[in-house]
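My entries follow the order in which I looked.

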Amino acid sequence: MCGKCPDIDNLPTHLYIDNEWQEGSGSVIDCKNPKDGSDIVKFKGASEADVDKAVDISRKAFETGPWATFTGDQRGQCLNKFAQLLEDHASEFAYLESVCSGRPLGQCTYEVPLVAKAYRYYAGWADKIRGDSYPPEDGFYKIVRQEPLGVCAGITAWNGSLHFMAWKSAPALACGNTVILKPSEKSPLGTLCAGYLIKEAGFPPGVFQILPGNGEVGAILSSHMKIDKISFTGSTFTGRKIQDAATKSNLKRVTLELGGKSPAIVFDDADMQKAVFWCTVGIATNAGQVCAATTRLFVQDTIADEFLGKLTAGLEAIGKGIGADPQNMATTYGPLVDKIQYDKVRAYIEDGKKSTKVIAGGEEYTKGGYFCSPTVFMNPPDDAKIWREEIFGPVLCVRTFKTEEEALELANDTVYGLAGAVYTQDINRALRVPMGGFGSSGTGRELGEYALRHYTETKTIWIK
Ligand code: NAD
């Protein structure tokens, strides 16, 4: 692989097409470090012509290239080798992820082996994509096959780029598809670095390509007539556009992993220490820039004072330490990803202050960089924006409740349905409380065996 990263003068700044690096001819991507707004690198992303070229190459690789005749075992070997190479170069990947996104280096370092694990998991599936058969009771013997879809594009968010790269490309490749990935323009370098490994892992030309670019490139992919599938991770706002573009073009299949406003319910029988710890992790990890972050907290009134006292003390302590260098391995709390996100989160906080009491954080950080301390609002009104909308920052809204029914009604009163948490010692209650994966948070599932079905089409062959 590069052997040069993370040398700042030799960052991966090209498109990865047909197993070669090629200069982009589209709009400029301007990578900055959110810890101080400093420039990292500027380079040209993909243009429409670049996308067309990559799609044609991808289709050819799918239909007539060596990949078309690879056995499941051979595909698995490529995925396993790729996983090994990722681990061998974990420090470069972690650095490139951290420097663009502001995510703490320690967290990004922890992430790389998990990304490798996802590739290994799907490597194991590559030779187990099986079908069914049905007896000829009606005179026809039926064979049901799971066939790859063709050219699959992945469009990803910046806040876990390497995870999303794996969650999209690994099952798609295991099933025999070809893949084009478009990482977020906010943090493209880690994903692009994977381009150094693709050929070495044994993927034939055109099988696994990477096209950095901004939203325009995502829109071109979504409406492309020769792409068979889009898998998207990002905001609900963009997800709607992608679904629409897919419908209006060739009705390509779409998987959407979108936004959230996830609740946590803390009952008075909960283990207080664990609940405080996980609610802190829920809002402070990645400065709240996590799709499944706990952003609405419901605490039973009988324990509210004690619980909130402990929670806010911990979050205030995190707030006092902000500004630490995210590229230092010891740092655990970084900045927001860019000025746009910073301004957006600050606007929500200022708007929230008009209607709602702040019980932790809330103040602006003025020493440079896009840092924001964890902020907790108590009892926002029903129609407050901070209560209804996804903020994607370290902003937590709290309400108290008296009964389980009341807690459930409040928790479910959202258009989102991405995730949820319940803290109780009562296993019956824990199982009663539903959570996860509904509403405007998307369609389809990633990871596990379930994801494989999003990358194959069922074909039935009748034999007389
Ligand atoms: P975003 O929607 O702004 O961008 C995501 C990607 O979409 C980027 O690559 C961007 O270039 C591309 N894009 C922008 N406009 C497009 C268009 N018109 N057509 C096609 N692609 C387009 O989201 P973001 O700010 O990068 O990420 C934050 C959002 O992602 C939050 O809402 C968060 O909840 C969500 N998210 C969801 C999950 C999940 O698994 N459900 C995981 C992480 C993030």
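**Salt bridges**

I began with Arg-429 and Glu-404, whose side chains meet in a salt bridge at 3.2 Å, N to O, a salt bridge being a side-chain nitrogen of Lys or Arg within 4 Å of a carboxyl oxygen of Asp or Glu. The pair links distant parts of the chain, with Arg-429 in helix 15 (residues 427-432) and Glu-404 in helix 14 (residues 404-412), 25 residues apart. Helices (H or I, at least four residues) and strands (E, at least two) are DSSP runs, numbered from the N terminus.

I noted that the model is a predicted one, in which local features need pLDDT of at least 70 and side-chain atom pairs count only at pLDDT 80 or more, while totals for chains, interfaces and linings use all residues. Residues are numbered from 1 along each chain as its sequence is written, and side-chain values use heavy atoms, with hydrogens and water left out.

Both Arg-429 and Glu-404 are buried, where buried means under 20% relative accessible area, exposed over 50%, and partly exposed in between (1.4 Å probe, protein chains only). I also found the two in a network of salt bridges that links them with Asp-269 and Arg-432.

For the structure I recorded 31 salt bridges. One of them joins the side chains of Lys-459 and Glu-147 at 3.1 Å, N to O; Lys-459 lies in strand 19 (residues 456-463) and Glu-147 in strand 6, so this pair ties together parts that are 312 residues apart in sequence. Lys-459 is partly exposed, at 37% relative accessibility.

I then looked up Glu-306 and Lys-310, which form a salt bridge at 3.1 Å, N to O, and which both lie in helix 11 (residues 304-320), 4 residues apart, about one turn of the helix. Glu-306 is partly exposed at 45% relative accessibility, and Lys-310 is partly exposed at 43%.

**Cysteines**

Taking a disulfide as a pair of cysteine sulfur atoms within 2.5 Å, I counted 0 disulfides. Cys-175 is in none, the nearest cysteine sulfur, that of Cys-152, being 8.5 Å away, and Cys-175 is buried, with a relative accessible area of 5%. The sulfur of Cys-397 is 13 Å from the closest cysteine sulfur, in Cys-372, too far for a bond, and Cys-397 is buried at 0% relative accessibility.

**Helix 1**

Last, I turned to helix 1 (residues 48-63), in which the buried residues include Asp-50, Val-51, Ile-57 and Phe-62. The buried residues of this helix pack against elements including strand 1 (15-17), strand 6 (141-148) and helix 8 (215-222), contact meaning heavy atoms within 4.5 Å.
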